[in-house]
Amino acid sequence: MSMKNIVVYCGSNLGQNKAYFDAAQQLGQEMAQQGYRLVYGGGNIGLMGTIATAVLQHGGEAIGVIPSFLKNMEGAHPGLTKLYETANMTERKNKMIELADGFIAMPGGLGTYEELFEVLSQAQLKLHPHPVGILNVAGFFDPLIQMLQNTVTAGFMPPENMDLLCCATIPAELLEQMRHWQPRDAVKWVTPQWAQQIRETQC
């Protein structure tokens, strides 16, 4: 499946580490030069505004999707190729997923985590066939990766689902991983040994 439109989830703040800003500029440049269209939250502030500006400055296309109340609070990016205005956050998320051929999360806050986990959960349930990646700038996502590994160890996620997530520290490497990503089948529901023993004693 070809990947044309890439949704990027990232912060409406810049963050304390300038490396986040630099990575947003690099990803935007890389996407534009490789012919990928950006789909993002539409804002003109923080890392969101940074990546959109970088894409546009390097000849790429940027599509924004922003709820009306955030358009009034944050302001939409003035140079976008196209801007969709939605009634609420749920409609925004659904529209971005509808437009996507791939998803990337960069450093961000609660909204970024919510969006990332929604598309990961949908991938697990085979509700979309697209790659999901994280740009792990300055180790930002290290705790999240550890949490997912702990989830596997605790028996709440099959090990194969770790492969739902592409991960790299350099934009070009992440895009390369996503281009070659293939979904893997995994058993969603597994009965632990202790529960199986209980069932056997009840038979």
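Start by selecting Arg184 and Asp163: their side chains meet in a salt bridge, 2.2 Å from N to O. A salt bridge here is a side-chain nitrogen of Lys or Arg within 4 Å of a carboxyl oxygen of Asp or Glu. Arg184 sits in the loop between helix 7 (171-179) and helix 8 (193-202), and Asp163 in the loop between helix 6 and strand 7 (165-168), so the pair ties together parts that are 21 residues apart in sequence. Helices (H or I, at least four residues) and strands (E, at least two) are DSSP runs, numbered from the N terminus. Arg184 is partly exposed, at 45% relative accessible area, and Asp163 is partly exposed too, at 37%. For those words, buried means under 20% relative accessible area, exposed over 50%, and partly exposed in between (1.4 Å probe, protein chains only).

Before you go on, know that this is a predicted model, where local features need pLDDT of at least 70 and side-chain atom pairs count only at pLDDT 80 or more, while totals for chains, interfaces and linings use all residues. Residues are numbered from 1 along each chain as its sequence is written, and side-chain values use heavy atoms, with hydrogens and water left out.

Next, pick Glu114 and Lys93. They form a salt bridge, with the closest N and O atoms 2.6 Å apart. Glu114 belongs to helix 5 and Lys93 to helix 4 (residues 89-99), so this pair ties together parts 21 residues apart in sequence. Buried or exposed: which is Lys93? Lys93 is buried, with a relative accessible area of 13%, whereas Glu114 is partly exposed at 43%.

One more pair: Glu61 and Arg37, whose side chains meet in a salt bridge of 2.6 Å, N to O. Glu61 is in the loop between helix 2 (46-57) and strand 3 (62-67), Arg37 is in strand 2 (residues 37-40), and this link between distant parts of the chain spans 24 residues. Glu61 is partly exposed, with 35% relative accessible area. How many salt bridges are there by this rule? The count comes to nine.

Stay with helix 5 (residues 110-124) and show helix 6 (residues 142-153) as well: their axes come within 14 Å and cross at roughly 40 degrees. Axes are lines fitted to C-alpha atoms, for helices over the stretch in contact, and angles run from 0 to 180 degrees between N-to-C directions. The two helices are therefore oblique to each other; angles under 35 degrees count as roughly parallel, over 145 as roughly antiparallel, 65 to 115 as roughly perpendicular and the rest as oblique. Select Tyr113, Leu116 and Phe117 in helix 5, and you'll find them meeting Leu144, Met147 and Leu148 in helix 6, where contact means heavy atoms within 4.5 Å.

Now move to helix 1 (residues 18-33) and helix 7, whose axes come within 9 Å and cross at roughly 50 degrees. Helix 1 and helix 7 are therefore oblique to each other. On the helix 1 side, pick Ala23, Gln26, Leu27, Glu30 and Met31; they meet Pro171, Ala172 and Leu175 in helix 7.

For the last stop, click Gln16, in the loop between strand 1 (5-9) and helix 1. Gln16 is exposed, at 84% relative accessibility. Draw a line from Gln16 to Ala32: the two are 16 residues apart in sequence and 26 Å apart in space, C-alpha to C-alpha.
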